[in-house]
Protein chains: 2
Amino acid sequence: MQIATPYLMFLGDVPDKLAAKTAYGIVDWRPEWCVGQLRLPGCAADLGIPDLTIAEGVAKGARTLIVGVVNAGGVLPEHWIATIVQAIEAGLDVASGLHTRLGSVPAIAEAASRHGRQLHDVRHSDERFDTGKGIRRPGRRLLTVGTDCSVGKKYTVLALEKGMRARGLDADFRATGQTGVFISGRGVAIDAVVADFISGAVEWIAPAADPHHWDLIEGQGSLFHPSFAGVSLGLLHGAQADAFVVCHEPTRTTMRGVKHALPSIREVIDLTVQLGRLTNPEIRATGIAINTQALEEGEARALLDKLAAEHGLPATDPVRFGVEGLVDRLMAEFPA
Amino acid sequence: MQIATPYLMFLGDVPDKLAAKTAYGIVDWRPEWCVGQLRLPGCAADLGIPDLTIAEGVAKGARTLIVGVVNAGGVLPEHWIATIVQAIEAGLDVASGLHTRLGSVPAIAEAASRHGRQLHDVRHSDERFDTGKGIRRPGRRLLTVGTDCSVGKKYTVLALEKGMRARGLDADFRATGQTGVFISGRGVAIDAVVADFISGAVEWIAPAADPHHWDLIEGQGSLFHPSFAGVSLGLLHGAQADAFVVCHEPTRTTMRGVKHALPSIREVIDLTVQLGRLTNPEIRATGIAINTQALEEGEARALLDKLAAEHGLPATDPVRFGVEGLVDRLMAEFPA
């Protein structure tokens with residue numbers, strides 16, 4: 001999936017900011033791709049970028065209308081269809097993260113076919129993958145892993161991409177989730193792939209590359225999460241990670257959606273190394289990323305110092321304190 | 001998916017026995033469901049059951065035509081379509097293990113709709129699952145795990161079902177692969193489920209049950225297989241297995257489709273217990289099942305004795321020497 005940039009961000013009339021979380025993520029990490037937002041009357045979200053009509057968006061160079069919002073059940077509301085059809089008629093592709101496939105709506109399918117426009121359903125994957133082969137491939141790969149879902153795995157690799165590029169390293173973010181696909185303009189939502197092809201899809205997402213090139217692969221779930229550990233393991237095996245960063249949210253007590261307690265950072269490091277060795281015997285932890293949003297600055301810094309000492313690894317909040325320490329460690333362990 | 005029995009077995013004109021492997025498996029385990037076979041000119045496979053026309057099959061009570069064969073690429077050959085349509089017109093449902101969906105062939109879809117017949121595509125899953133919840137549920141569950149793919153996991157649970165029922169135990173085979181679904185008439189091909197729902201699908205396949213009821217869950221892949229370990233882990237977590245039997249083929253040196261060496265039985269036991277504890281802290285190994293087909297009888301018995309002593313577990317070839325020892329151990333460890 002390759003989504004043409006730049007984007008006109010369509011928010012519909014979502015009732016709150018949370019429903020537009022994906023759109024906020026795109027604007028945070030790719031402001032240069034977002035020419036403006038298109039909102040219907042009653043929309044309660046505001047991305048802080050110019051409100052544009054479809055015609056204004058096209059005039060500013062937009063090539064894709066992004067439906068970066070969720071609605072109850074992931075369904076496309078009837079009253080959004082006319083706007084999407086108008087965007088297609090004005091020459092835009094459309095990319096959606098809703099569960100409803102764009103092409104399953106006759107008016108949208110028909111308009112896209114008539115005007116030769118692409119429809120991207122980021123939540124679905126029509127790509128045919130091979131099963132994973134487990135054969136070592138050139139290039140360096142870093143994976144973010146977690147003590148749970150939603151603990152900052154995507155933000156950490158995006159921050160690393162920015163930080164590593166600033167230091168002259170050749171590094172690319174590799175998306176494995178919906179929001180990540182919008183942010184990178186390519187990739188696969190790995191949780192939508194048929195189970196047999198998880199590791200094969202990751203081999204496709206982060207293929208053989210120049211020996212010094214870094215693929216920074218967005219992790220998913222946790223090896224300790226009873227709902228999603230299978231996805232996390234297939235992702236680890238397909239990534240053949242040379243390095244991994246453990247992500248954690250320190251105030252959470254039970255894993256998302258279930259009653260299981262979070263594992264410790266030490267347990268995550270040990271199990272990731274134990275299982276990751278199957279496809280890369282050299283796998284190693286190179287850092288810890290903590291989402292310290294809920295902590296005062298002093299508290300946050302004390303926690304990071306404690307974790308760094310305890311594990312002998314750089315520990316940071318990538319959003320709050322940057323990724324210098326993580327990049328230093330990578331450069332030291334993997335010299336050019 | 002619930003497939004109406006009995007079956008009329010359609011072999012088309014497959015060029016060899018291997019292409020009809022699924023059909024042979026069904027006849028092996030459910031001879032009472034197979035009223036006869038329907039073969040086209042040139043068919044090189046023979047299930048050893050009566051050759052019937054569609055009308056004869058219907059007269060003998062058949063309710064479903066089973067397309068239990070593979071063809072190059074899993075594609076439905078054009079010249080099989082007329083026969084399938086005739087079967088529908090004669091009142092049969094159709095169930096297929098091919099990659100091509102039956103309903104994607106207009107003549108078949110149209111006939112099924114006109115005659116109100118069911119089409120089952122065993123390789124695809126249209127069932128909507130929840131994500132796994134990881135909450136302990138009543139009932140006992142046994143899972144077969146392996147040192148590799150295709151080492152007898154399905155045959156072991158089927159032999160256990162027969163052996164346990166003969167001893168008066170309440171036990172049901174639970175299919176997680178295509179052939180298994182045909183054999184049980186229900187179930188889900190777990191490798192066709194979207195990655196996010198692996199463990200949830202297994203919770204659905206083997207739901208809460210009477211405290212003394214045994215679900216005997218067909219395992220898939222191996223925790224050590226770089227292509228499929230994610231599936232195996234999701235299956236383990238969803239199964240919440242109380243007991244597991246390790247399956248192994250002693251002459252194999254590398255895992256199927258890849259260059260990785262097979263793990264030892266000890267490694268499989270240890271990792272299965274380590275990871276399985278997440279959803280069932282009481283999980284334990286209760287036996288070893290070896291496919292000894294390639295060994296002389298004396299050699300086979302010596303190997304089984306050695307493995308039994310080494311691991312302190314009953315070891316058998318379920319097909320060659322029965323499952324008495326495996327059932328004895330289950331009855332001892334899980335008294336009624």
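Start by selecting A:Asp93 and A:Arg117: in this predicted model, their side chains meet in a salt bridge, with N and O 3.3 Å apart. Now colour the backbone around them. A:Asp93 sits in strand β4 (residues 93–96) of chain A, while A:Arg117 belongs to the loop between α4 and β5 (119–121), so the pair ties together parts that are 24 residues apart in sequence.

**Two helices side by side**

Next, select residues 81–89 and 106–115 of chain A, which are helices α3 and α4. What angle do these two helices pack at? It is about 5 degrees, and their axes are 9 Å apart. Angles under 35 degrees count as roughly parallel, and α3(A) and α4(A) are therefore roughly parallel to each other.

Show the side chains where they touch. From α3(A), pick A:Ile81, A:Ile84, A:Val85, A:Ile88 and A:Glu89. Facing them from α4(A) are A:Ala107, A:Ile108, A:Ala111, A:Ala112, A:Arg114 and A:His115. Sort this contact by class and you get eight nonpolar, one polar and two charged residues.

Now hop over to chain B and select residues 81–89 and 106–115 there, helices α3 and α4 of that chain. The axes come within 9 Å and cross at roughly 5 degrees, which makes α3(B) roughly parallel to α4(B). Among the residues in this contact are B:Ile84 and B:Ile88 of α3(B), along with B:Ala111 and B:His115 of α4(B). The classes here are eight nonpolar, one polar and two charged.

Which residues of domain 1 lose the most area to domain 2? Select A:Thr22, A:Trp29 and A:Arg30: together they make up 54% of what the domain 1 side buries.

**Where two chains meet**

Zoom out to see both chains. Here 35 residues of chain B are in contact with 35 residues of chain A. The chains bury about 2600 Å² between them, and 59% of it is on carbon and sulfur atoms. Select B:Ala195, B:Asp196 and B:Leu278, which supply 19% of the area that chain B buries against chain A, more than any other three residues.

Most residues other than glycine have a negative phi, and most peptide bonds are trans. Here are some places to look for something else.

- Select A:Thr5 and A:Pro6: a cis peptide bond joins them, with omega about 0 degrees. A:Pro6 is in the segment before β1 (7–12) of chain A.
- In chain B, go to B:Thr5 and B:Pro6, where the peptide bond is cis and omega is near -5 degrees. B:Pro6 lies in the segment before β1 (7–12) of chain B.
- Finish at A:Ser150, in the loop between β6 (140–146) and α5 (153–166) of chain A. Its phi is near 50 degrees, a positive value in a residue other than glycine.

Definitions and conventions: Residues are numbered from 1 along each chain as its sequence is written. Chains are lettered from A and ligands numbered from 1 in the order in which they are written. This is a predicted model: local features need pLDDT of at least 70, side-chain atom pairs count only at pLDDT 80 or more; totals for chains, interfaces and linings use all residues. Side-chain values use heavy atoms; hydrogens and water are left out. Axes are lines fitted to C-alpha atoms, for helices over the stretch in contact, and angles run from 0 to 180 degrees between N-to-C directions. Helices (H or I, at least four residues) and strands (E, at least two) are DSSP runs, numbered from the N terminus. Angles under 35 degrees count as roughly parallel, over 145 as roughly antiparallel, 65 to 115 as roughly perpendicular and the rest as oblique. Contact means heavy atoms within 4.5 Å. Ala, Val, Leu, Ile, Met, Phe, Trp, Tyr, Cys and Pro count as nonpolar, Asp, Glu, Lys and Arg as charged, and the others, Gly among them, as polar. Buried area is the accessible area (1.4 Å probe) that two parts lose on being put together, summed over both. A salt bridge is a side-chain nitrogen of Lys or Arg within 4 Å of a carboxyl oxygen of Asp or Glu.
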